[in-house]
Amino acid sequence: MHEKFILRSSYKPTGDQPEAIEQLVSGIRGGAQSQTLLGVTGSGKTFTIANVIQEINRPTLVLSHNKTLAAQLYAEMRAFFPENAVEYFVSYYDYYQPEAYIPQSDTYIEKDLSINQEIEKLRLSAISSLLSGRRDVIVVSSVSCLYGIGNPQDFSQNAITIDKEIPVVRDELLRRLVDSQYVRNDIDLHRGAFRVKGDTLDIFLAYADYCLRVVFSGNEIEEIYTFDPIDGKMLDEFDYFNIYPASIFCTTKSRIDNAIGQIRNDLVEQVLAFQREERFVEAKRIEERVNYDLEMIQELGYCSGVENYSRYFDGREPGSRPYCLLDYFPKDMLMVVDESHVTVPQISAMSGGDAARKNNLVYYGFRLPAARDNRPMTFGEWEQAAMRDERSCVFVSATPADYELAKSGGVIVEQVIRPTGLLDPEIEVRPSKNQIDDLLEEIQQRVEVDERVLVTTLTKRMAEELDDYLRKYGVRCAYIHSDVDTIERVQIMEDLRRGVYDVLVGVNLLREGLDLPQVSLVAILDADSNGFLRDKRSLTQTAGRAARHVHGKVIMYADSISSAMRATIDETARRRAIQQAYNRKHGITPHSVGSPTQAANPLAALSKAGEQQVQYEVKKMYEAVQMPIIEAMSEKELRKAIEATRKQMLRAAKDLDFIEAARLRDELLMMEKTAETQFR
């Protein structure tokens, strides 16, 4: 186990990266709780942060505003730190419909969800790494890390340590495994299950791709080793081993007993409150629902919607926030907020919608008031958790907002020089009259030299109409806006890189956050309009899309120069002057970077999954073709096919190719059902 971060890279910090690294490290060691890294597009901000992490050697949380960018950062950090614990923590729901009540139409919507088992494994792996005591842990997460999970003390108490030197009663160990949410299954050993055969105990760890085998001799442990669940090959031997729980939400028997008593007391109070208000329907409803839930908890240990009782199981006071991933980090953690100008407002807005939904459920008798305490952190709570004790926070953005600048005391660490020597793009303002014809001519010039163009509009309708217009003139183009789903969006971006499209039209392209080194022109229509899509921050972000090409250029179509345009033009000119001076001093010739590889860009895998989306959507047709083949297999052939498919599914999930993993999962379930029916 490593105690220090070891950065592996063929590159060394260049340009103003060394100075940025030194300033950030100095600030953190000096006790600064907040700092801001202003890094222009393509300046290697992630590499800078990786060097900072190696220097300060603290457990680190990298916070991103969506799963896609989190996946990209996760892949990059794993490449930088192959020998350390780099974890991925995002929402594990493939689909989630929250419980809700709409009083206007008297409609109750029951909670419905689908959990991605592979992402659940990655979440458990992150928590297990943090609780293991190791210091070389990086967790890349979306804002889902601010939602409630189990009490870290209970999770830690349910961890099991086995040691060859310490005798243990086998049956006692089995009971502890059950308390830690593992289930016994002597026939099908799957993740989160264990089996017992004579003196041998096999455990498929819920947070790993391997199994643990414990061999007993009476009350003595003779062997502890891990093995591959597919071929049974031994992986590593141990003298002792820590087994962490199979669920993020686990508690102790005493807490369950105390919780049931508190729930009953609160139920009596709530029923009486409804009766005093002569709301007898609500009183009857809450009494029936909670009593049913309590019966399920007593019999099974859980119930549907058990998270609404989390306050009782955690032992928290009314109104207090739930435990979240930040509570699993030590007091000297480092938090990196990526694309902070987007992530921080997202954190601020999270709790409002959840509170409105819960208030309706409580008011109309569907849930006890304690349900309100199962919620994401408020912005103030996040600030307190992220910047207390010895913790430090680094905001990273090309256009930091006022909040980050204020928290950093107005002092920023600037990273303007790109390792490639590329300059910020030239910005030209042209009149809006005949702007489409002028744009078409510019596009044709880029198409002739195999370069790409981005065009940003103000509305969805304008994007669609411009897309239709350009297609009439033979331009290969596509458009992106909020109605385009995630998988299709990723596919379009990849097609733009590969040259399937030459032009991409969008409303808010600046939020993509993806590398597009083939783009040499960004055209901004109606650049002088008022609004957040044309403020200084948005214009600067949009212009940055052309900063990865040696011929990068931005054309703003406008009838006047707004204050936002002027600020963007002046700031870009300032940066270009610094970059040109640096290049002259060091004899650097700017050069464009190549296309992102799949290793550096996990979205390539997602885009391949997008190509398979058609197969996934016609699942019934696929089953109709596959079933006769499966039914014709012998038992041995089918068992072998099941194991091979499971291995492919795990590999796809490990590569973050979740659509392919889902397709293989469905195929696996189909084969397992056939095996159970034909050969049981």
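Predicted model: local features only at pLDDT ≥ 70, side-chain atom pairs only at ≥ 80, totals over all residues.
Local features need pLDDT of at least 70 and side-chain atom pairs count only at pLDDT 80 or more, while totals for chains, interfaces and linings use all residues. Residues are numbered from 1 along each chain as its sequence is written, and side-chain values use heavy atoms, leaving out hydrogens and water.

Let's start with the big picture. The chain has 22 helices and 25 strands; these are DSSP runs numbered from the N terminus, with at least four residues (H or I) for a helix and at least two (E) for a strand. Of the 680 residues in the chain, 53% are buried, where buried means under 20% relative accessible area, exposed over 50%, and partly exposed in between (1.4 Å probe, protein chains only).

Now for the surface. Glu165, Asp199, Glu220, Glu222, Glu223, Asp236 and Glu237 form a negative patch. Asp and Glu count as negative, and the place of the charge is CG of Asp or CD of Glu. Strand 14 (220–227) gives the most to this patch, three residues. Glu237 sits in strand 15 and counts as exposed because its relative accessibility is 56%.

Finally, look inside. Gln270 lies in helix 7 (residues 253–276) and is buried because its relative accessible area is 14%. Beyond its neighbours within four places in sequence, Gln270 is in contact (heavy atoms within 4.5 Å) with Ile286, Val362, Leu368 and Pro369.

Methods: Patch = residues over 30% accessible without salt bridge, like charges linked within 9 Å, V, L, I, M, F, W, Y side chains within 5 Å. Areas by Shrake-Rupley, 256 points an atom, 1.4 Å probe, with all protein chains shown as cover. Salt bridge = Lys/Arg side-chain N within 4 Å of Asp/Glu carboxyl O.
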